[in-house]
Every structure is written in C-alpha cells, then in structure tokens.
Amino acid sequence: MDAGGGGRVRVAVCDYGAGNVRSVCAAFERLGCEVAIAESPDAVLEADLAVLPGVGSAGSAMAVLRERGLDEALRERYEAGRPILGICLGLQLALDESEEDGGVAGLALVPGRAVRLREGRVPRIGWAPVEPGGDAFYFAHSYAVESPVVTGLSEGIAAVAESGPFLGVQFHPEKSGAAGARFLASVLERCPSRA
C-alpha cells in the first residue's frame with residue numbers, strides 16, 4: 001500500500017509484551033506496508049500509522065509502555081492528529097482507565113473505561129458480526145469498552161470507538177480473514193500522504 005508520496009506506508013507496531021505483535025505485523029506486511037516493531041518513542045512518532053495491539057493484561061502493558069516512553073509518544077502523536085489504531089487490549093489501554101488488575105490508569109486518548117464482561121461467556125471468544133456493516137470478526141476478550149465515542153457494536157457490546165486520530169476495535173482484524181484485511185486496508189486509507 002503506497003502512501004501518496006510514492007513510498008510504502010510505514011507502520012509501527014508498539015511492542016509492550018503483547019501476544020499478537022507478530023501476527024499484526026504479518027497482516028500489514030501482506031498489505032504491502034513497511035512494518036517495524038516499535039520499542040522506542042522515535043519509531044512511534046516517525047511512522048505513518050502507529051498500532052497499539054494487544055493480548056495480555058492492562059497493568060503489565062501500561063507498565064511497559066511507560067518504561068519505554070511509548071505512552072508519551074502515543075499522546076504526542078494523538079495531539080498532532082496523526083493516526084493510531086488500537087486493537088483489543090490496545091483499544092482498552094487508550095481509555096481513561098480499566099478496572100482490570102485492580103484499576104489501571106490508561107493513556108486517556110479516548111474518554112471512558114474498560115469493564116469486565118458481566119453477562120454471557122467470559123472470556124468472549126469467537127466470530128461475531130459488527131454493526132454497522134454486518135461483517136463478522138474474531139473476538140477474544142474479557143473486558144469491554146464503556147465510552148461516549150463508541151461507533152460500532154457487536155451483540156450489544158462496544159466493538160469500535162473513535163476519538164480524533166485514534167480508531168480502536170475490540171476485535172482482532174489480524175485473525176479475521178478477508179474481512180480483517182479489508183478493515184486494515186481501510187485504516188491505511190486514513191494515513192496522510194508523505195511528501
């Protein structure tokens with residue numbers, strides 16, 4: 001996927017010990033992106049798209065983000081209006097707080113909080129449709145988003161939230177086949193052209 005300036009879209013996937021970094025990288029590579037695993041603030045700030053993936057716990061994830069300075073880099077990027085994608089735990093970390101691990105302060109890019117699922121099977125694992133649109137995506141989560149900026153639902157549970165340049169999804173596009181690839185391609189379209 002080309003950025004308007006003629007080069008490939010540069011994607012930085014934040015590494016804070018989350019379990020799905022490699023599969024997220026592979027999904028963007030299949031779309032023709034130049035992908036780097038980001039462990040430094042500069043890598044996050046220089047990319048066309050920063051991705052906050054996530055499989056793991058909010059407490060340990062936030063600790064590593066702070067230790068590596070990725071938290072401040074993501075806030076700086078957000079304030080500059082540059083695109084960020086949050087996936088599953090990555091969406092939850094972007095909120096003001098999560099009730100996981102006894103309560104964890106998040107990045108505060110998105111108003112709201114992550115709360116433990118209280119109905120149905122927990123964790124919620126499997127394919128489910130997302131509205132609007134109706135495409136089915138793969139979910140694996142025990143916490144859900146409560147936020148005024150939710151823009152998509154799956155079986156009554158928040159599935160998509162948007163705030164400024166941040167787009168977050170509760171599902172895993174990297175594990176969602178053709179629908180996931182189409183979604184990631186649409187995210188790349190949000191990346192501004194490079195000079």
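**Overall form and aromatic pairs of the predicted chain**

The structure is a predicted model, in which local features need pLDDT of at least 70 and side-chain atom pairs count only at pLDDT 80 or more, while totals for chains, interfaces and linings use all residues. Residues are numbered from 1 along each chain as its sequence is written, and side-chain values use heavy atoms, with hydrogens and water left out.

The secondary structure of the protein chain consists of six helices and 13 strands, taken as DSSP runs (H or I, at least four residues, for helices; E, at least two, for strands) and numbered from the N terminus. The radius of gyration, taken over C-alpha atoms, is 15 Å, close to the 16 Å that the globule rule gives for 195 residues, so the protein chain is as compact as a globular protein of that length. That rule is 2.2 Å times the number of residues to the power 0.38. The C-alpha trace spans about 50 × 35 × 30 Å along its principal axes. Of the contacts (heavy atoms within 4.5 Å) between residues at least 6 apart in sequence, 67% join residues at least 24 apart.

The accessible surface, from the Shrake-Rupley method with a 1.4 Å probe, comes to about 8,300 Å², and 49% of this belongs to carbon and sulfur atoms.

Five aromatic pairs were counted, a pair being rings of Phe, Tyr or Trp (its six-membered ring) with centres within 6.5 Å; planes under 30 degrees apart count as stacked, over 60 as edge-to-face and the rest as tilted. One of the pairs, Phe-137 with Phe-171, is stacked, at 4.1 Å centre to centre and 20° between the planes. Phe-137 lies in strand S9 (residues 136-141) and Phe-171 in the loop between strand S13 (166-169) and helix H6 (177-188), so this pair ties together parts that are 34 residues apart in sequence. Phe-137 is buried, with a relative accessible area of 7%, and Phe-171 is buried at 1%.

Phe-171 also pairs with Phe-183, here edge-to-face, at 5.4 Å centre to centre and 75° between the planes. Because Phe-171 lies in the loop between S13 and H6 and Phe-183 in helix H6, the pair ties together parts that are twelve residues apart in sequence. Both Phe-171 and Phe-183 are buried. Ring pairs link Phe-137, Phe-139, Phe-171 and Phe-183 into a cluster.

Note on methods: Buried < 20%, exposed > 50% of the residue type's maximum accessible area, 1.4 Å probe, protein only.
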